[in-house]
Amino acid sequence: MSDTSLHYKSITELSKLISSKELSPVELTAAMLQRIDQHDGHLKSYATVMIEHARDTAKIAEQEITSGKYRGPLHGIPIAVKDLCFTKGVRTMGGAKVLKDHIPDYDSTIVKRLKDAGAVLLGKLNLTEGAMGGYHPEFDIPINPWNPERWTGSSSSGSGVATAAGLCSGSIGSDTGGSIRFPSAACGIVGLKPTWGRVSRYGVLPLAESMDHVGPMTRSVTDAGILLEAIAGYDPNDPTSLPHPVPNMIGGIDKGVRNVRIGFDEDFVTNDVDTELAKAVCDGVELLETLGANILQVQIPDMDEYALSWPTICSAESVAAHSATYPSQRNSYGPWFQGWLDMGSQVTAADYIEASKLRAECTGHLKKVFQDIDVLVCPSMSAPPHVVTAEMLYGPKETRPANFQRFTAPFDYNGAPTLSVPCGMNSEGLPLSIQFVGKHLSEPLLCQIGHTYQQATSWHNLYPNI
């Protein structure tokens, strides 16, 4: 074994050890459960730790592997999922008090596919209420392992914390306006938001169904590709899932970036963006050019106007998603999400139509930008993780500036795949993140670019001191 601690080994490393029988899934799961017990009392990434289930699954995985029935790179690997994903017989609360007793009688397609791949499900991860901006006062708030006073990235915060802190080998998050990318950036990990429809949403509690994406959060790009390949694919239970065959996500991961056309708009990357973050992204672009990529200058239209329409669409769709409990149980919601639903209930049909027109206009502009490029590069968010206050966490709902979602919402609008990768540390010791945006169904190319970048840098090998 390498010197890297077991809990920080990549899925790729662990799968080689397990398949060669140098490492037992039982041993690995026990070590991970022990680490959760040791550290998660402080970090609060898990809503539910499935101790007995994890142990039992690890024993079955070990028996199967011993008898020659190895299922693939996730067999025996400890994974955790955001507590939006239905898990049979296990609470799935979505961070909401109104769902605290919600115990599904079936698995979401994502959980089923992880189980089919032989993964060991460690548990369900904490998130903001309803997967929006704030937490219910009665629920735990995940702590950023790099700095407990800093933001953990909102919705998929538990996924970001658990993955960054080595409390799972990889996790599942969701993204409607940035919630795979924000916690990945804030916690210094890799986040892969797939093409909309690439991953089934059957059995996943919705926020805004026309923009909800579900995808992997890991510590390496290769691991993200492995996880995505396992959970992707058409699902008859979700008519919006795409019928396209699932490719080998990492088959060409070592091809490099020579002649890959990467679009870059320096003004978009640097204007009204934290100086250290902007420099790290620009440095990343220069590095990719030295590795053979073709850097093409593009012009991104002002995204802020379009980002301002996102709350109208999302809040209105959130009301529809919570129609079983809102407004009938309005007072059971926390101040932040209650305010969000109240806002959504005031959205008129005319408001929604106007916001949808702006969404379509934004998508049209981006299609033009992508005409002559393969990938667009930009930050994952406009600044490093900010200091948080009780008001930000619990409410009432705050108004965020347009630039907050400048690099995220447009790619939820158009359903394009994105990959966020650590690209540096700032002067305060906080992680910085670069984002690659691809054309629809281009996840293998994103993995190829991201892996090439990681092979030439070492930011993903830095771990928080917890």
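Buried, in what follows, means under 20% relative accessible area. The model is a predicted one.

The strand is β5, residues 190-193. Which of its faces are covered? Both are: Val-190 and Leu-192 are buried on one side, and Gly-191 and Lys-193 are buried on the other. As a reminder, side chains in a regular strand alternate between the two faces of the sheet.

Now the neighbours of β5. With strand β6, residues 213-218, β5 runs antiparallel, and 2 bridges join them. Val-190 has Thr-218 as its bridge partner in β6. With strand β10, residues 418-425, the pairing is again in the antiparallel sense, over 3 bridges. There, Lys-193 has Thr-418 of β10 as its bridge partner.

Stepping out to the whole sheet. How many strands does the open sheet have, and in what order? There are 11, in the order β1-β3-β2-β4-β6-β5-β10-β11-β9-β7-β8, and the pairing is mixed. At the edges stand β1, residues 46-49, and β8, residues 294-297; each has a single partner strand, so one side of each is left without a neighbour in the sheet. On average, and ignoring direction, neighbouring strands of this sheet are turned by 30° against each other.

The pairing of β1 with strand β3, residues 120-125, is in the antiparallel sense and covers 3 bridges. Val-49 finds its bridge partner in β3 at Gly-123.

Helix α3, residues 51-66, lies across β1 and β3 and runs at about 160° to β3. Helix α4, residues 109-116, lies across β2, β3, β4 and β6; its angle to β2 is about 175°.

On to helix α7, residues 221-231. How many of its 11 residues are buried? The count is 9, so by the 20% cut-off α7 is mostly covered. The buried residues are Val-221, Thr-222, Asp-223, Ala-224, Gly-225, Ile-226, Leu-227, Leu-228 and Ile-231. After α7 comes Gly-233, with a positive phi near 120°.

A helix that α7 packs with is α16, residues 443-455: the two axes come within 8 Å and cross at roughly 160°. Why is that roughly antiparallel? Angles over 145 degrees count as such, which puts α7 and α16 in that class. On the α7 side, the contact uses Val-221, Thr-222, Gly-225 and Leu-228; on the α16 side, Glu-443, Cys-447, Gly-450, His-451 and Gln-454. By type, the residues of this contact are 3 nonpolar, 5 polar and 1 charged.

The last item is another helix pair, α11, residues 310-321, and α13, residues 349-369. Their axes come within 9 Å, with a crossing at roughly 130°. The two are therefore oblique to each other. The crossing of α11 past α13 is left-handed. From α11, Thr-312, Ile-313, Ala-316 and Glu-317 make the contact; from α13, Asp-351, Tyr-352, Ala-355, Ser-356 and Arg-359 do. This contact divides into 4 nonpolar, 2 polar and 3 charged residues.

To recap the two helix pairs: α7 and α16 are roughly antiparallel, while α11 and α13 are oblique. And β5, where I began, is covered on both faces.

Conventions. Residues numbered from 1 in each chain as written. Predicted model: local features only at pLDDT ≥ 70, side-chain atom pairs only at ≥ 80, totals over all residues. Heavy atoms only, no water. Axes fitted to C-alpha atoms, helices over the stretch in contact; angles between N-to-C directions. Helix = DSSP H or I, 4+ residues; strand = E, 2+ residues; numbered from the N terminus. Parallel < 35°, antiparallel > 145°, perpendicular 65-115°, else oblique. Left-handed = near helix turned anticlockwise from the far one by under 90°. Contact = heavy atoms within 4.5 Å. Nonpolar A, V, L, I, M, F, W, Y, C, P; charged D, E, K, R; others polar. Buried < 20%, exposed > 50% of the residue type's maximum accessible area, 1.4 Å probe, protein only. Pairing = 2+ DSSP bridges.
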